[in-house]
Amino acid sequence: MTTLAFSGNPLVRPSAEHHAPEWFESQRALPDARFLPLHRLEAPVLDGATPHLAWWDAGVLEHAVDRADVVLLGTLGGIPHLAVAVTEPPPTTPEGTEFRDARRLASILPDTEAGILAQARSMIDWHTRHRFCAVCGQPTLAIEGGARRRCTACDARHYPRVDPSVIVLVEFEGRALLARRASGTAGNRRSCVAGFVEPGESIEEAVIREVREEVGADVEAVEYRASQPWPFPSTLMIGCRARARSAEVRADGVEIDSAEWFDRDEVAAALEGRSATLEVPQAIAIAHHLMREWVEDRR
Ligand SMILES: [Zn+2]
């Protein structure tokens, strides 16, 4: 499978176990440190023939929502790369820099930069939502270069969350099961069945449960295919394939209003955007790649 959007991060992540608190401080103070400011979780991009993330020097910290919440994402060639939430878009230098949503940026940035953006967006969002301790309700502070938070009252440590979610291409006798969300605006848009893994559940159990709940099918032979960070806010998409025991399906009518079987030619046409009856997710989504891999896997 090709590199999935958001999964090509080249930064060497700092290891809290190997660095003293002073090391994190010193990285932030290095003159060549690069800062990525996020404004309402939107990131700055410098448009051009090849769009790139726009980085600032430490001067951007003047606009920080909280200067204590600077996140050291990692280093590249020894140069520290950091992210910070800002109260307003800082002065745009050079000209042509715009703040945009990560979904829009994923399809235009190089893989490596989309990967950095995924980490930055998830981390900044997590800091914004975890200012108070889940144990005692008192304020928390960022520690270890923003990799964790610590409660100022009870000393509890809080770790950034990653939420595993399964997404599965279900097949039966040469056809794939695609479902339409009951959102009212889905039209011809259909995708693989997906849902969050619940506490105390394996990936395989989550796949079997989600497929049964959403489309009323029984599946077996669950196989892992690929994974993708999805920073909205911090999901890990776990892409699988599974085989249905029969063609019998029944949409739940709540999350899914229709579930139907499509053959390889129909899915191939949709992937290329030349189907009048079926629309599938764009190439930044892992669902697109699960479908493409299945289409190309003509046994
Ligand atoms: Zn506490």
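A: Angles here run from 0 to 180 degrees between N-to-C directions, with axes as lines fitted to C-alpha atoms, for helices over the stretch in contact. In this predicted model, helix α3, residues 111–129, lies across β7, β8 and β9 and runs at about 10° to β8. The three strands form an open sheet in the order β7-β8-β9, and their pairing is antiparallel. At the edges of this sheet stand β7 (140–143) and β9 (157–158), each of which pairs on one side only. Strand β8, which covers residues 148–151, is joined to β9 over two bridges in the antiparallel sense, and Arg149 stands opposite His158 in β9.

Turning to the backbone elsewhere, a cis peptide bond with omega of about 0° joins Phe232 and Pro233, and Pro233 is found in the loop between β13 (219–230) and β14 (235–244).

Two further residues have a positive phi. Phe6, although it is not a glycine, has a phi of about 75°, and this residue lies in the segment before α1 (21–29). Because the relative accessibility of Phe6 is 2%, Phe6 counts as buried, the cut-off for that class being under 20%. Arg40, also a residue other than glycine, has a positive phi near 50° and is placed in the loop between β1 (34–38) and β2 (43–46). Arg40 has 73% relative accessibility and therefore counts as exposed, a class that begins over 50%.

Definitions and conventions:
Residues numbered from 1 in each chain as written. Predicted model: local features only at pLDDT ≥ 70, side-chain atom pairs only at ≥ 80, totals over all residues. Heavy atoms only, no water. Pairing = 2+ DSSP bridges. Helix = DSSP H or I, 4+ residues; strand = E, 2+ residues; numbered from the N terminus. Contact = heavy atoms within 4.5 Å. Buried < 20%, exposed > 50% of the residue type's maximum accessible area, 1.4 Å probe, protein only.
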